[in-house]
Amino acid sequence: MCTFITDEGIGAAELGRAVEERGLESLFVAEHSHIPASRETPFPPGGELPGKYYRTLDPFVALSAAAAVTHRILVGTGIALLIQRDAIMVAKESASLDHVSGGRFVLGVGSGWNREEMRNHGTDPTSRVALLGEQVSAIKRIWTREQAEFHGEFVDFDPVYSWPKPVQRPHIPVWLGGEVPTVLDRVMDYGDGWFPRWSGAPEPLATRIAELRKRCVQAGRARMPVSVFGVPPKAADVEAAAGLDVERLLILLPTLPRDESLRRLDDIAAMARTAEEG
């Protein structure tokens, strides 16, 4: 499942335990560092920006709390706005969370949509995709080398030492979010999986997934995992998404107070079991 963890909803630790107790496989959480008051960039789905976007907890802190009280579930960012973060610090935070969780962390990343939010972090929206590629490459270098250095247009550092290294080998998987026409180029270039959003119709997504499978075969690469996130907690959507050639579905848990969140989670677990049996 995936969700926005906020200061007004169920706590991260209790949610992590509840996800694991119900037999679900994973918990992924969203991120926004802040929402600029200007609200110049339109909300992509249209309409007003939901309140949960204003109140998200830091995903690495929230997932550490969930990981500390669970033993089995994957914990991941869905997605981390990497272009608004420092690559060296993300390498450290991710590797630390991989240790806390015993090798259960997945780093889902994307380039975001809120241009004012990016600018407040010193990121030029027009070059954010190129920045994202350099950041992922630099982070993987830090994870996999005792002494790492990187020299790019946007990320540049001389040899450094950084521990801990991830528990997972060769490194923590990095899944790339996005649905633009060129996203599969980036997935093939520096990703370890694709993390598209559910659009409400399986056919367009099925075509893109088939394209990714074909490109992996042509490149002599292993099957690239695909995880569809943001599937509404409705039986029709879950059933339709379950027919895709993917490794997992992440069903969206609405951001609600504790008791209502647990009731909705019961419904999600039931839908997940039905989809698996089907």
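What is the volume of the largest pocket? In this predicted model, the largest pocket has a volume of about 970 Å³.

**View 1. Lining of the largest pocket**. Of the 36 residues that line this pocket, Tyr53, Trp113, Glu179, Arg197 and Phe229 are the closest to its centre. At least two lining residues come from each of strand S1 (2–3), strand S2 (26–29), helix H5 (128–144) and strand S10 (227–231). By residue class, the lining of the largest pocket consists of 21 nonpolar, nine polar and six charged residues.

**View 2. The second largest pocket, with about 430 Å³ of space**. It is lined by 22 residues, and those closest to its centre are Glu25, Arg248, Leu249, Ala272 and Glu276. Helix H8 (235–242), strand S11 (248–251) and helix H9 (258–277) are the elements that give two or more residues to this lining. H9 provides the largest share, six residues. The lining of the second largest pocket holds 14 nonpolar, two polar and six charged residues.

**View 3. Crossing of helices H3 (residues 87–101) and H5**. The two axes come within 9 Å and cross at roughly 50°, and H3 and H5 are therefore oblique to each other. The crossing of H3 past H5 is right-handed. On the H3 side, the contact is made by Ala87, Ile88, Val90, Ala91, Ser94 and Ala95. On the H5 side, Gln135, Ile139, Ile142 and Trp143 take part. Eight residues of this contact are nonpolar and two are polar, with no charged residue.

**View 4. The largest cavity, with a volume of about 50 Å³**. A search of the whole structure finds two cavities of 30 Å³ or more. The largest cavity is lined by Thr3, Phe4, Ile5, Thr6, Gly9, Ile10 and Leu15, together with Leu253, Pro254, Thr255, Leu256 and Ser261. Seven of these lining residues are nonpolar and five are polar, while none is charged.

**View 5. The second largest cavity, with about 40 Å³ of space**. Ser111, Val129, Leu132, Leu176, Gly177 and Arg186 form its lining. H5 and strand S8 (174–177) are the elements that give two or more residues to this lining. The lining of the second largest cavity divides into three nonpolar residues, two polar and one charged. H5 also supplies at least two residues to the lining of the largest pocket, and its residues Gln135, Ile139, Ile142 and Trp143 make the contact with H3.

Definitions and conventions. Residues are numbered from 1 along each chain as its sequence is written. This is a predicted model: local features need pLDDT of at least 70, side-chain atom pairs count only at pLDDT 80 or more; totals for chains, interfaces and linings use all residues. Side-chain values use heavy atoms; hydrogens and water are left out. On a 1 Å grid over the protein atoms alone, a cavity is a set of points where a 1.4 Å probe fits but cannot get out, and a pocket is an open set with protein on both sides within 12 Å along at least five of seven lines; lining residues have an atom within 4 Å of a point. Grid points are joined across faces, edges and corners, and a volume is the space filled by probe spheres set on the points. Helices (H or I, at least four residues) and strands (E, at least two) are DSSP runs, numbered from the N terminus. Ala, Val, Leu, Ile, Met, Phe, Trp, Tyr, Cys and Pro count as nonpolar, Asp, Glu, Lys and Arg as charged, and the others, Gly among them, as polar. Axes are lines fitted to C-alpha atoms, for helices over the stretch in contact, and angles run from 0 to 180 degrees between N-to-C directions. Angles under 35 degrees count as roughly parallel, over 145 as roughly antiparallel, 65 to 115 as roughly perpendicular and the rest as oblique. A crossing is left-handed if the near helix is turned anticlockwise from the far one by less than a right angle, and right-handed if clockwise. Contact means heavy atoms within 4.5 Å.
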